[in-house]
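Here is a friendly briefing to read alongside the sequence and the model.

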Amino acid sequence: MKNIISVLLVFVMLVPVFSMQSFAETMDFFADFEKDGVYYCEAEAGEVIACGYVEQEEGSEPVELVIPETVKDGRKTYTVTGVEESAFEGSNYSKITLPDTIDYIGSYAFYGAAMLEEVVIPESGQGYEYRELTGNDPVIIKGGHPFLVR
C-alpha cells in the first residue's frame, strides 16, 4: 500500500513539471515556422496566417509590430492573408500594423493585450467587430481613420 501511495505521490508531483511548457514551445509544435517574432501557419498553397508570437521578456517595454505582406521560410515565399483566432492574445505590443493582403482576422485575435493602443487594419479590410478582436478598449485605425467601437 505504501508503494502505491509513493508512486502516486511522485506522479502527482511530476505532472506539473511536464505540463509547464512555455507558449513558445507550444507554438513551435503547431506553427509551420517563425519569422521576426511571429509564428505562421500555412493556410492554403502559398499563403500563411499569423498564428502566434514569441513571448517577450517579462517586464519588457511594449513594442510595435508590423506584419509584412509576404514572409519567407527558407526558399519559399508566402503571402500573409490572415490573423488566427487569439494569435496575439496577451501580447505586449503597443501597436500592430496589418498588411493590405489580410482578408481574415480571427475572433479575439488581440484579446488581453493590455498594452495595445492601436491596430492598423488595411483599407481593404472588412468591418471587424471590435470587441471580438480585443476584448478591451484601444483605438483601432481602419484605412487611416481612427475609430473607437464600444
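Let us begin with Cys-41, which is buried at a relative accessible area of 16%; buried means under 20% relative accessible area, exposed over 50%, and partly exposed in between, using a 1.4 Å probe and protein chains only. This is a predicted model, in which local features need pLDDT of at least 70 and side-chain atom pairs count only at pLDDT 80 or more, while totals for chains, interfaces and linings use all residues. Residues are numbered from 1 along each chain as its sequence is written, and side-chain values use heavy atoms, with hydrogens and water left out.

**The disulfide**

- Cys-41 is joined to Cys-51 by a disulfide, with an S to S distance of 2.2 Å; the term covers a pair of cysteine sulfur atoms within 2.5 Å.
- By that rule, the count is one disulfide.
- Cys-41 belongs to strand S2 (residues 38-42) and Cys-51 to strand S3 (residues 47-53), so the pair ties together parts that are 10 residues apart in sequence.
- The link of Cys-41 and Cys-51 is right-handed, with 80° about the S-S bond.

**The fold as a whole**

- The chain has three helices and 11 strands; these are DSSP runs numbered from the N terminus, with helices being H or I of at least four residues and strands being E of at least two.
- Along the sequence, the pattern reads α-α-β-β-β-β-β-β-β-β-β-α-β-β.
- Of the chain's 150 residues, 35% count as buried.
- Among contacts with a separation of 6 or more, 37% come from residues 24 or more positions apart; contact means heavy atoms within 4.5 Å.

**Aromatic rings**

- There are seven aromatic pairs, where rings of Phe, Tyr and Trp (its six-membered ring) pair if their centres lie within 6.5 Å, and planes under 30 degrees apart count as stacked, over 60 as edge-to-face and the rest as tilted.
- One of the pairs is Phe-88 with Phe-110, whose ring centres are 6.1 Å apart with planes at 15°, so this pair is stacked.
- Phe-88 sits in the loop between strand S6 (76-83) and strand S7 (93-97), and Phe-110 in the loop between strand S8 (104-105) and strand S9 (118-121), so the pair ties together parts that are 22 residues apart in sequence.
- Phe-88 is buried, at 0% relative accessible area, and Phe-110 is buried as well, at 1%.
- Ring pairs also gather Tyr-53, Phe-88, Tyr-93 and Phe-110 into a cluster.

**The salt bridge**

- Side chains of opposite charge can pair when their charged atoms come close.
- Here the count is one salt bridge, defined as a side-chain nitrogen of Lys or Arg within 4 Å of a carboxyl oxygen of Asp or Glu.
- The partners are Lys-95 and Glu-118, with their closest N and O atoms 4.0 Å apart.
- Lys-95 lies in strand S7 and Glu-118 in strand S9, so the pair ties together parts that are 23 residues apart in sequence.
- Lys-95 is partly exposed, at 23% relative accessible area, and Glu-118 is partly exposed, also at 23%.

**Asn-92 and its surroundings**

- Asn-92 is found in the loop between S6 and S7 and counts as buried at 15% relative accessibility.
- The Asn-92 side chain reaches the backbone oxygen of Ser-60 at 2.8 Å.
- With neighbours within four places in sequence left aside, Asn-92 is in contact with residues including Gln-56, Glu-61, Pro-62 and Met-115.

**Two more places to look**

- Gly-82 lies in strand S6 and is buried, with a relative accessible area of 0%.
- Leaving aside neighbours within four places in sequence, Gly-82 is in contact with Val-48, Ile-49, Ala-50, Ile-102 and Tyr-104.
- Gly-82 and Tyr-40 are 42 residues apart in sequence, and their C-alpha atoms are 9.7 Å apart in space.
- Ala-45 is in the loop between S2 and S3 and counts as exposed, at 74% relative accessibility.
- From Ala-45 to Tyr-78 there are 33 residues in sequence and 8.4 Å in space, C-alpha to C-alpha.

Conventions
A polar contact is a pair of N or O atoms within 3.5 Å; within protein, one must be able to donate a hydrogen and the other to accept it, and residues adjacent in sequence count only if both atoms are side-chain atoms.
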